[in-house]
Amino acid sequence: MKVGGAPFRTIWLADDGETVEIIDQTRLPHAFTTLRLESVDHAARAIRDMEVRGAPLIGAAAAYGVALAMRADTSNEALDRACEKLAATRPTAINLRWALDDMRGVLISLKPGQRCDAAYWRAAGICDEDVAINRAIGENGLKLISDVWRRTGATVNLLTHCNAGWLATVDWGTATAPIYMAHDAGIPVHVWVDETRPRNQGASLTAWELGQHGVDHTVIVDNAGGHLMQHGQVDLLITGTDRTTATGDVCNKIGTYLKALAAHDNGVPFYVGLPGPTIDWTLSDGRDIPIEQRDTAEVTEISGLAGDGKVRTVTLTPDGSAAANFAFDVTPARLVTGLITERGIAPASRDGLLALYPERAASA
Ligand code: MRU
């Protein structure tokens, strides 16, 4: 996608062919800066501290993290250490484990002397595949938006939660890919953007990237969605996912479940942009998905641009109040209208997913 008119991905190889560059997402929307990752430790820190975040991008960053590790040491021990270190950064998004398994599978069968080049090659492949997957999700989801437009002849109002935009992937986004394609096709769209406390990925990231692309949008507090749905102001919800079970239970940013309940109560379709690598074929019950708990300071404090042009952090809560910070929740399959994958739109069920991914029948 474009930033200030220039095309960008969220992660790329620097001119030296070895260092990895990322957009520092902790500085957006107030500053657009890039960071260089020079080592596996650096890559692990970038994922843990959410300089890169979003399930597909975490996977891509982990893949490059393995490549950076191979730059220093191509032994079996170094490969295992790198995979372990990167896997420990964030527990919920399955793409992380998927990318590490993929990288290890490719590298372990090679002689140590071949591993460094192969690691960079495969990491680049994972990035390119993510872009292709998201583009296909966009094409498949576009039909949903154009159907609403053809039916109503009016601006299509969408609601999204968190950031499942291009910043959460290598490019295009999952939930946003159909929106960008609809906008580019001349369909009038407007997006209600949940701010997404506590880290405000909606207010800071989704709003920023939609704005960069010229997509009409309005930031709302997380609790406004139900009210808007009651008043007929949402045609379609599309969110992303960090892990979806083989039975179609969708884990995504905390608060997604409440949106799905409100959508169900109001007859608003609730769709999920789902790349194949985000499906956990080993799980049948969303309650078995590990839910990341983050630093409670994300709840008790808030940061923003102050009048003096500096980003400042202030405290919201009384001294001594306990806080809890569950980062994700699970929306049961019965509340999901459909899963927009790169292979088509599936009902949120084992049969629905297997119809699109028949090669997984043995593992599901
Ligand atoms: O904690 P984050 O910002 O990494 O969480 C991101 C989300 O929950 C996204 O909705 C999800 O990763 C899908 S990204 C296409």
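## Exercises on helix packing and salt bridges

In this predicted model, N134, R135, I137, G138, E139, G141, L142 and I145 of α5 contact A177, P178, I179, M181 and A182 of α6, contact meaning heavy atoms within 4.5 Å. Helices (H or I, at least four residues) and strands (E, at least two) are DSSP runs, numbered from the N terminus.

The model is predicted, so local features need pLDDT of at least 70 and side-chain atom pairs count only at pLDDT 80 or more, while totals for chains, interfaces and linings use all residues. Residues are numbered from 1 along each chain as its sequence is written, and side-chain values use heavy atoms, with hydrogens and water left out.

### Exercise 1

Describe the packing of α5 and α6.

**Solution.** 
- Step 1. Sort the contact residues listed above. The contact of α5 with α6 has eight nonpolar, three polar and two charged residues. Ala, Val, Leu, Ile, Met, Phe, Trp, Tyr, Cys and Pro count as nonpolar, Asp, Glu, Lys and Arg as charged, and the others, Gly among them, as polar.
- Step 2. Take the axes. Helix α5 (residues 112–152) and helix α6 (residues 176–184) pack at about 65°, with axes 7 Å apart. Axes are lines fitted to C-alpha atoms, for helices over the stretch in contact, and angles run from 0 to 180 degrees between N-to-C directions.
- Step 3. Classify the angle. α5 is therefore roughly perpendicular to α6. Angles under 35 degrees count as roughly parallel, over 145 as roughly antiparallel, 65 to 115 as roughly perpendicular and the rest as oblique.
- Step 4. Assign the hand. The crossing of α5 and α6 is right-handed. A crossing is left-handed if the near helix is turned anticlockwise from the far one by less than a right angle, and right-handed if clockwise.

### Exercise 2

Describe the packing of α1 and α2.

**Solution.** 
- Step 1. Find the contacts. V40, A43 and I47 of α1 meet I58, A61, A62, G65, L68 and A69 of α2.
- Step 2. Sort them. This contact of α1 with α2 holds eight nonpolar residues, one polar and no charged ones.
- Step 3. Take the axes. Those of α1 and α2 come within 8 Å and cross at roughly 165°.
- Step 4. Classify. α1 and α2 are therefore roughly antiparallel, and their crossing is left-handed.
- Step 5. G54 is buried, at 11% relative accessibility. Buried means under 20% relative accessible area, exposed over 50%, partly exposed in between (1.4 Å probe, protein chains only).

### Exercise 3

Trace the salt bridge of R36 and E21.

**Solution.** 
- Step 1. Apply the rule: a side-chain nitrogen of Lys or Arg within 4 Å of a carboxyl oxygen of Asp or Glu. R36 and E21 meet at 3.8 Å, N to O.
- Step 2. Locate the partners. R36 lies in strand β5 (residues 34–37) and E21 in strand β4 (residues 20–23), so the pair ties together parts 15 residues apart in sequence.
- Step 3. Check accessibility. R36 is partly exposed at 39%, whereas E21 is buried at 13%.

### Exercise 4

Where do R90 and E292 lie, and which network do they join?

**Solution.** 
- Step 1. Take the distance. The closest N and O atoms of the R90–E292 salt bridge are 2.8 Å apart.
- Step 2. Locate. R90 is in the loop between α3 (76–87) and α4 (94–108), and E292 in the loop between β13 (279–280) and α10 (297–300), 202 residues apart.
- Step 3. Check accessibility. R90 is buried at 6%, and E292 is buried at 6%.
- Step 4. Extend. Salt bridges with shared partners join R90, R199, E292, R294 and E298 into one network.
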